[in-house]
Amino acid sequence: MKKALVVLAILGAIALPASEAYAACVPSTPMFHGYGSYFACDESRGPVSAFSYQVSAPTTVNTGTEVITRTQDVGQVLISTDWANGGIVGCPAGTPARVMIVVQDSQGKGILLSLSGASADLGYAVEGAHPNDPAGIALPVPCGDLNGRPKVIGTAGTSSVNVNIQKPKIYTDCDADSVGMVVLGGATCIDAFDGVAAGATIGGIYTSTQPCGARPSTVRNAQWTKSAVVPDAAGNATIPFTKPSAGTDCTFIGTTTTVGGVEGGSINGFIQVQGGLAAPPTAEGVRAAADSGKVRLSWSTSNEVGLAGFRLIAVSKTKGQTELGSLISAKGSPFSYTAEVRLGDLKGARSIIIRSVLTDGTTVDAAPVNF
Amino acid sequence: MRIKSMRPTVAVVIAAVIIVAAGGAAVASNMGFKMNKPLVLVGTGQTGNNWTAIPFHNPYGTFNQFCTQTGLKTTLPATSITVRNYRADTDSFKTCTCGFTCNTDPYFNQALVPGKMMQIRAVAGTPTSIIIVGSHNSGQSLTITEGIPFWYSVPYHSTAVTTDQLCTQIGLTSSGIPKASITRLNPGPPAAFQTTTCGNPATAFNLVLGEGLQITEANPASPPGIRVINFTPAHY
């Protein structure tokens, strides 16, 4: 959580001076996962953090420097905070006092989720905006690309990058399948926010130069420069950027979300593009399942700049790592891949690594997956 | 449960009558007791947040066991319990839900801390009164850190009748400005906070049986540093 703390400290340093007149809640307004569900987010390459703000007042009512997440188990992240805690800026107010929770993993994937707080019984229990689980209470919400995270689809010279940005998805307690609607009969939805959320748009595309190897600060401030470029109807845009002069810096491209006419207070989804030490494209969301004498693999990419292809590596406790088959060529733009390996070829290995091979000959491994 | 003989003075009996009348009904069995604690159900704002004192000796074990033994609501939407600086001064507010995270969150799935109160947020469907049982631990010392709000479980046999008496017993002796403060949350409806500063009888109020209080010792600039106050609650 150290990186998250640093990021949130920066967020708070920005937010606090502008918020001295806004009192925190007295004495307690919990916002937490209280009913057994969680955010399913990959923490294998860094911590997951979150930030929350009142939708109608993002800069004056927000979670400031407060660390609002905790890890329950591998890949299970919970919101666990109280709007009365230290580091919080302001107290949600109004009818309803609707808030947005922005979750981000270290790769810029995440979740946008909004709670009204309108039900006195449920309060800001986060499960109110989770999809209802007919067999339980609430299904987990996964981190994904629908938080406004750009996808690199190509380059235009050395100082521009072509991206595609999908319309953001906001989970709300007004969604027809949400716990708030299904279980509580709509007590959480007094503002028809599902319609507002459906109209959410990309507020702006921003670029920022920040240190490589660390999750960037995502508060929407002077560190991020708003691009004049607006995505076309298909979500495509060509974003110019300045290559960082310092070898330890990288360029990041991120977006904000505008909801109900108000642009949010943070960069939601982001990617790291080529810079001094830009991170190579790594296989994401790797899955493996054994079936009918074969292991079926799937993974995806969100950035294939500089990527030549992939190699499959079998990992065995006794035999170490063994390459399987030949290089799987990269498609050149974000793509979802599948592959199959015969169990017999694995020679007892019980896990596989998807290894990215870059055009300069270097490699980077995704986390091993078991099957 | 510890059993002791008791011979209260007339003044103490009167005091006990006052706080019993104000807060509910308690049945004393020497030093062990059973108390009918009324709960206000949720409404707007803080209404339905019941600041609840827990006996220093009690049979509850963990938070979830407290939920189940007292019959709090354990289905969605469940009764929630909030604590403040419960296990450490830096903990701030933490909340669990009966039947859910009160059982699974490691912070809550461990022994209750003697002397710390809890806020029971009684959602619709929660009983409007619960039976709390236990006894006092006369040897239990508590520690209040300057500037850190302490959610105090007032002993059910406290000899302090008013907040001013409680200030004196604890040793909240800060002078000048700021001074120590004691806050009560009337769960309503409508909910209302009632706060007094120690040494200011004009704003003092009577303790209510079964209710917890927030006590904050002031942290004046002089002398420098942060003082801690150790005290053992007086009781009869």
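At 33% relative accessibility, Asp345(A) is classed as partly exposed, a label for values between the buried range (under 20% relative accessible area) and the exposed range (over 50%), with a 1.4 Å probe and protein chains only. Its partner in a salt bridge is Arg342(A), at 3.5 Å from N to O; a salt bridge here is a side-chain nitrogen of Lys or Arg within 4 Å of a carboxyl oxygen of Asp or Glu. Arg342(A) is exposed, with a relative accessible area of 54%. The model is predicted: local features need pLDDT of at least 70 and side-chain atom pairs count only at pLDDT 80 or more, while totals for chains, interfaces and linings use all residues. Residues are numbered from 1 along each chain as its sequence is written, chains are lettered from A and ligands numbered from 1 in the order in which they are written, and side-chain values use heavy atoms, with hydrogens and water left out.

Over all chains, the structure holds 18 salt bridges. One of them pairs Asp191(A) with Arg98(A), the closest N and O atoms being 2.7 Å apart. Asp191(A) lies in the loop between α2 (179–182) and α3 (193–198) of chain A, and Arg98(A) in the loop between β6 (76–82) and β7 (99–104) of chain A, so the pair ties together parts that are 93 residues apart in sequence. Helices (H or I, at least four residues) and strands (E, at least two) are DSSP runs, numbered from the N terminus. Asp191(A) is partly exposed at 24% relative accessibility, whereas Arg98(A) is buried at 4%.

Another salt bridge joins the side chains of Arg355(A) and Asp365(A), at 2.7 Å from N to O. Arg355(A) belongs to strand β25 (residues 351–358) of chain A and Asp365(A) to strand β26 (residues 363–365) of chain A, so this pair links parts that are 10 residues apart in sequence. Arg355(A) counts as buried, at 16% relative accessibility, and Asp365(A) as partly exposed, with a relative accessible area of 33%. Salt bridges that share partners also connect Lys109(A), Asp145(A), Arg149(A), Lys151(A) and Glu284(A) into one network.

Ser316(A) is located in strand β22 (residues 307–316) of chain A and is buried, at 11% relative accessibility. Its side chain reaches the backbone nitrogen of Lys319(A) at 3.2 Å.

Chain B contains 4 helices and 13 strands. Of its 236 residues, 53% are buried. Among contacts (heavy atoms within 4.5 Å) in chain B between residues at least 6 apart in sequence, 75% join residues at least 24 apart.

In helix α2 (residues 63–70) of chain B, the buried residues are Phe63(B), Asn64(B), Phe66(B), Cys67(B) and Thr70(B). Viewed down the axis of α2(B), these residues fall within an arc of 155°, so they line one face of the helix; the arc is taken over the directions from the helix axis to the C-beta atoms. They pack against β4 (80–84), β5, α3 (101–104), β6 and β7 (129–135) of chain B.

Helix α4 (residues 163–170) of chain B has Thr163(B), Leu166(B), Cys167(B) and Ile170(B) as its buried residues. Down the axis of α4(B) these residues lie within an arc of 105°, so they line one face of the helix. Their packing partners are β8 (142–145), β9 (150–153), β10 (181–186), β11 (192–197), β12 (212–216) and β13 (228–231) of chain B. Gly171(B) follows α4(B) and has a positive phi, near 95°.

The contact between the chains takes 22 residues from chain B and 20 residues from chain A. About 1,700 Å² is buried between chain B and chain A, 61% of it on carbon and sulfur atoms; buried area is the accessible area (1.4 Å probe) that two parts lose on being put together, summed over both. The interface has 1 salt bridge, in which Asp105(B) is paired with Arg70(A), the closest N and O atoms being 3.1 Å apart. On the side of chain B that touches chain A, the elements giving two or more residues are β5 (93–97) and β6 (118–121) of chain B. The largest share of this side, 4 residues, comes from β5(B).

Key
A polar contact is a pair of N or O atoms within 3.5 Å; within protein, one must be able to donate a hydrogen and the other to accept it, and residues adjacent in sequence count only if both atoms are side-chain atoms.
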